[in-house]
Amino acid sequence: MAMIGSILTQAFPPSPQFTEKDIPSQAGKVFIVTGGNSGIGLEVVKILYSKGGTVYMAGRNAEKINTAIKALKSAHDPTANPGRIKSLILDLGDLSTIPACAADFLAQESRLDILFNNGGIAQVPAGSVSAQGHEAHVGTNCLGPFLLTQLLLPVLLRTAKSAPKAGVRVVWVSSGIIDIKAPVGGLILDELAPGHHSHDKAHNYSVSKAGDWLLASELDQRVRKHGIVSVALSPGQLKAPGFDRLPWYQRWLMKPLLHDPIMGAYTELWAALSLDVTCADGGRYALPWGRWHPSPRKDILESLRAKAEGGTGLAAEFWHWCEEQSKDYVGVGS
């Protein structure tokens with residue numbers, strides 16, 4: 001029954017209580033939005049830019065990023081005091097590109113208020129792998145954001161020293177699919193080894209999105225004492241390119257339940273900017289369009305807790321696995 005209730009509350013969420021009108025000026029603040037040139041990420045960038053923030057639109061394709069930036073700038077009245085939009089090039093599916101991206105950002109900025117780990121892939125064919133040979137979803141949705149976050153952690157910590165408590169945040173975009181498709185505990189470490197990847201693309205996607213929550217929780221263990229918030233969220237069932245890869249009958253069934261990307265942006269912005277979110281909420285999981293999950297899966301909650309706390313310690317094991325897989329790229333290009 002809890003699972004049914006979770007599915008229903010995400011399929012039919014209440015009206016958003018945190019939108020553009022609730023966001024004050026963001027002048028002086030700096031943001032990174034991965035996957036910011038399309039979909040939900042683009043909507044997040046639009047709003048932060050309109051509020052005077054300095055927003056870095058991060059993605060793989062420089063031409064697409066520049067086109068999106070030009071379109072946003074031309075759509076805004078320059079006398080309305082919008083912020084700045086700048087580009088960052090990275091491929092989350094290729095760890096070798098991420099140190100250069102972080103270095104590019106750090107050469108331009110001395111602060112980072114919010115990191116939106118928004119970019120990712122969905123429903124790519126089974127057997128797909130990242131540039132380093134990891135299952136594609138885990139490599140792109142978990143390892144890439146993990147490494148980027150690690151490389152940017154020093155500037156996040158530095159910013160937190162002068163920012164209000166809970167003013168600096170890391171937002172990990174997960175998916176509601178974890179409630180219905182993720183394996184027991186969220187993921188299975190043995191499946192991550194080459195040659196052991198699942199042949200079910202929906203399973204692989206759900207594992208990567210559960211992994212995002214595990215990483216958000218583990219980061220919280222490390223940064224809460226510094227006044228930084230790390231949370232995960234499901235942005236909602238949205239009109240996005242990933243759904244185009246689903247079988248036609250699934251698209252037909254889901255179409256009436258899909259919302260415009262801006263609704264997902266409201267979920268992300270609530271997690272990133274709402275004063276209702278505090279350091280005590282670190283590691284929690286948010287639902288559309290800005291509220292905490294009322295009944296998370298108990299097996300995943302057990303994964304978030306250390307063995308000494310009565311949990312399985314799986315989140316810590318996954319964090320260490322990510323550290324091991326990305327260690328060769330820490331310090332590269334710095």
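## Two helices side by side

Helix axes are lines fitted to C-alpha atoms over the stretch in contact, and the angle between two of them runs from 0 to 180 degrees between N-to-C directions. In this predicted model, helix α5 (residues 136–162) packs against helix α6 (residues 201–223) at an angle of about 20°, and their axes are 7 Å apart. Angles under 35 degrees count as roughly parallel, so α5 is roughly parallel to α6. The crossing of these two helices is right-handed.

On the α5 side, the residues in contact are His-137, Val-138, Asn-141, Cys-142, Phe-146, Thr-149 and Leu-153. They meet residues of α6 including Lys-201, Tyr-205, Asp-212, Leu-215 and Val-223. The residues of this contact between α5 and α6 divide into 9 nonpolar, 6 polar and 3 charged.

## The sheet

Strands of a sheet pair through backbone hydrogen bonds, either parallel or antiparallel. The model has an open sheet of 8 strands with mixed pairing, in the order β3-β2-β1-β4-β5-β6-β7-β8. Its edge strands are β3 (84–89) and β8 (291–292), and each of them pairs on one side only.

Strand β1 (residues 30–34) pairs with strand β4 (residues 114–117) in the parallel sense, over 3 bridges. Within this pair, Phe-31 has Ile-114 of β4 as its bridge partner.

## Helices on the sheet

Helix α5 also packs on the sheet, where it touches β1, β4, β5 (168–173) and β6 (228–233). The direction of α5 makes about 160° with that of β5.

Helix α4 (residues 98–106) lies across β1, β2 (54–59) and β3. Relative to β3, helix α4 runs at about 150°.

Conventions: Residues numbered from 1 in each chain as written. Predicted model: local features only at pLDDT ≥ 70, side-chain atom pairs only at ≥ 80, totals over all residues. Heavy atoms only, no water. Helix = DSSP H or I, 4+ residues; strand = E, 2+ residues; numbered from the N terminus. Parallel < 35°, antiparallel > 145°, perpendicular 65-115°, else oblique. Left-handed = near helix turned anticlockwise from the far one by under 90°. Contact = heavy atoms within 4.5 Å. Nonpolar A, V, L, I, M, F, W, Y, C, P; charged D, E, K, R; others polar. Pairing = 2+ DSSP bridges.
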